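This briefing sets out the fold, the charged contacts and the surface patches of one protein. Please read it alongside the sequence and the structure shown below.

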Amino acid sequence: MSSLAFDTHAFVKSLTHAGMPEQQAEVLAEQQKQLLDEQLATKQDIFEIKRDIAEFRAEVKRDIAEASRDTIKWVAGLLIGQAALVVALIKLL
């Protein structure tokens, strides 16, 4: 992830103007910058996540379609077996 434009100088300046010691304000500004660098997602990160989600959705759709085909085959097999059983029972009568 890349960094957000963060003006540490202006941040330090506003903190020192409010009464914070400059050294403390500088440390706080650096820590804030590091947090922003570590936590923000870039447009590229979001694009990659969207791509991963689209790939996952396609995979799930394929799996559902395959399960559906397998279920249809299984039900068709049962119906054929049932029809064969009915025919055999009719012949016995």
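A residue counts as exposed when its relative accessible area is over 50%, as buried when that area is under 20%, and as partly exposed in between. The model is predicted. The protein contains 3 helices and 0 strands, and of its 93 residues 8% count as buried.

**Overall form**

- From the N terminus on, the elements of the protein run α-α-α.
- The radius of gyration is 33 Å, whereas the globule rule gives 12 Å for 93 residues; the value is well over that figure, so the protein is more spread out than a compact globule.
- The C-alpha trace spans about 105 × 20 × 15 Å along its principal axes.
- Helix 3 covers residues 43-92.

- The search of the whole structure finds 2 salt bridges.
- R51 pairs with D52 in a salt bridge whose closest N and O atoms are 3.6 Å apart.
- R51 also forms a salt bridge with E55, and here the closest N and O atoms are 3.7 Å apart.
- E55 and R51 are separated by about one helical turn, because they are 4 residues apart in helix 3.
- Salt bridges that share partners join R51, D52 and E55 into one network.
- D52 is partly exposed at 42%, and E55 is partly exposed at 47%.

**Negative surface patch**

- E59, D63, E66 and D70 form a negative surface patch.
- Among these residues, E66 is found in helix 3.
- The relative accessibility of E66 is 43%, so this residue counts as partly exposed.
- E66 and G77 are 11 residues apart in sequence, with a C-alpha to C-alpha distance of 17 Å.

**Nonpolar surface patch**

- Which residues make the nonpolar surface patch, and what is its area? W74, V75, L78 and L79 make this patch, which has an area of about 420 Å².
- W74 has its place in helix 3. With a relative accessible area of 58%, W74 is exposed; the reason for this label is that values over 50% count as exposed.
- L78 is likewise found in helix 3. L78 has a relative accessible area of 45% and is therefore partly exposed.

- The elements run α-α-α, and the radius of gyration of 33 Å is well over the 12 Å of the globule rule.
- One salt-bridge network joins R51, D52 and E55.
- The surface carries a negative patch that includes E66 and a nonpolar patch that includes W74 and L78.

Terms used. Residues numbered from 1 in each chain as written. Predicted model: local features only at pLDDT ≥ 70, side-chain atom pairs only at ≥ 80, totals over all residues. Heavy atoms only, no water. Helix = DSSP H or I, 4+ residues; strand = E, 2+ residues; numbered from the N terminus. Buried < 20%, exposed > 50% of the residue type's maximum accessible area, 1.4 Å probe, protein only. Patch = residues over 30% accessible without salt bridge, like charges linked within 9 Å, V, L, I, M, F, W, Y side chains within 5 Å. Areas by Shrake-Rupley, 256 points an atom, 1.4 Å probe, with all protein chains shown as cover. Salt bridge = Lys/Arg side-chain N within 4 Å of Asp/Glu carboxyl O. Lys, Arg positive; Asp, Glu negative; His and termini not counted. Charge placed at Lys NZ, Arg CZ, Asp CG, Glu CD. Rg over C-alpha atoms; globule rule 2.2 N^0.38 Å.
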